[in-house]
Amino acid sequence: LRTNKPTNQPTNLATNLVQFNSTQLNSTQYMTTAISSIHPSIHQLLKMQPTRMLMMARGKGKTIPIKLLSSVGTGFFYTTRKNVSQSVEKMAAVKFDPIVRRRVLFNEAKIK
């Protein structure tokens, strides 16, 4: 003989969530109660106070801004950044100079 009596133990998460009345509890209490009914040890984690995050001090940057000045003498320049620890020598690159409308050699110069 089977009886259709409701059991006291909920069978899955959906019936767990339906069992709590969300109008009587605020949303944090509702979710805490719902989650803690799934697994009791999660409830202990939710009760813990959040700790302050400690910001670690960063080291100084390894890149410096440099100016790539046109070797033709037009005065046109590009700015970029250079990693000092990896490239010690002066930087040089072939780039487009719009004043002479050609690709020319650009050499590193300090930004004043």
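Which residue in β4 does Phe96 stand opposite? Phe96 stands opposite Arg103, and the legends below place this pair in its setting.

**Figure 1. Overview of the predicted chain.** This is a predicted model, in which local features need pLDDT of at least 70 and side-chain atom pairs count only at pLDDT 80 or more, while totals for chains, interfaces and linings use all residues. Residues are numbered from 1 along each chain as its sequence is written, and side-chain values use heavy atoms, with hydrogens and water left out. The secondary structure consists of three helices and four strands, where helices (H or I, at least four residues) and strands (E, at least two) are DSSP runs numbered from the N terminus. Along the sequence these elements follow the pattern α-α-α-β-β-β-β. The chain has 112 residues, of which 12% count as buried; buried means under 20% relative accessible area, exposed over 50%, and partly exposed in between (1.4 Å probe, protein chains only).

**Figure 2. Confidence along the chain.** The average pLDDT of the chain is 75, and 50% of the residues score at least 70; pLDDT is the predictor's confidence in each residue, from 0 to 100. Where pLDDT is low, the predicted coordinates should not be read in detail.

**Figure 3. The four-stranded sheet.** The strands form an open sheet in the order β2-β1-β4-β3, with antiparallel pairing; two strands pair if DSSP finds at least two bridges between them. Strands β2 (77-83) and β3 lie at the edges, each pairing on one side only. Neighbouring strands of this sheet are turned by 40° against each other on average, direction ignored. For such angles, axes are lines fitted to C-alpha atoms, for helices over the stretch in contact, and angles run from 0 to 180 degrees between N-to-C directions. Strand β1 (residues 63-70) pairs with β4 in the antiparallel sense over four bridges. Lys67 stands opposite Ala109 in β4.

Figure 4. Strands β3 and β4 run antiparallel and are joined by six bridges. Val94 has Leu105 in β4 as its bridge partner, and Phe96 faces Arg103 in β4. The two strands form a hairpin with four residues between them. Arg101 is found in the loop between β3 and β4 and has a positive phi of about 55° although it is not a glycine. Most residues other than glycine have a negative phi, and most peptide bonds are trans. Arg101 counts as exposed because its relative accessible area is 66%.

Figure 5. Val72, Ile99 and Val100 make a nonpolar surface patch of about 240 Å². Patches are made of residues with over 30% relative accessible area and no salt bridge; like charges are joined within 9 Å, and nonpolar side chains (Val, Leu, Ile, Met, Phe, Trp, Tyr) within 5 Å. The accessible areas come from the Shrake-Rupley method with a 1.4 Å probe, and for residues only the protein chains shown count as cover. Ile99 is found in the loop between β3 (92-97) and β4 (102-109). With a relative accessible area of 53%, Ile99 is exposed.

**Figure 6. The salt bridge between Lys82 and Glu108.** A search of the whole structure finds one salt bridge, defined as a side-chain nitrogen of Lys or Arg within 4 Å of a carboxyl oxygen of Asp or Glu. The side chains of Lys82 and Glu108 meet in a salt bridge at 3.1 Å, N to O. This pair links distant parts of the chain, with Lys82 in strand β2 and Glu108 in strand β4, 26 residues apart. Side chains of opposite charge can pair when their charged atoms come close. Both Lys82 and Glu108 are buried; Lys82 is so classed because its relative accessible area is 7%. Lys82 and Lys67 are 15 residues apart in sequence and 9.8 Å apart in space, C-alpha to C-alpha.

**Figure 7. The setting of Asp97.** Asp97 has its place in strand β3. Asp97 counts as buried because its relative accessibility is 0%. Between Asp97 and Ser71, the separation is 26 residues in sequence and 9.8 Å in space, C-alpha to C-alpha.
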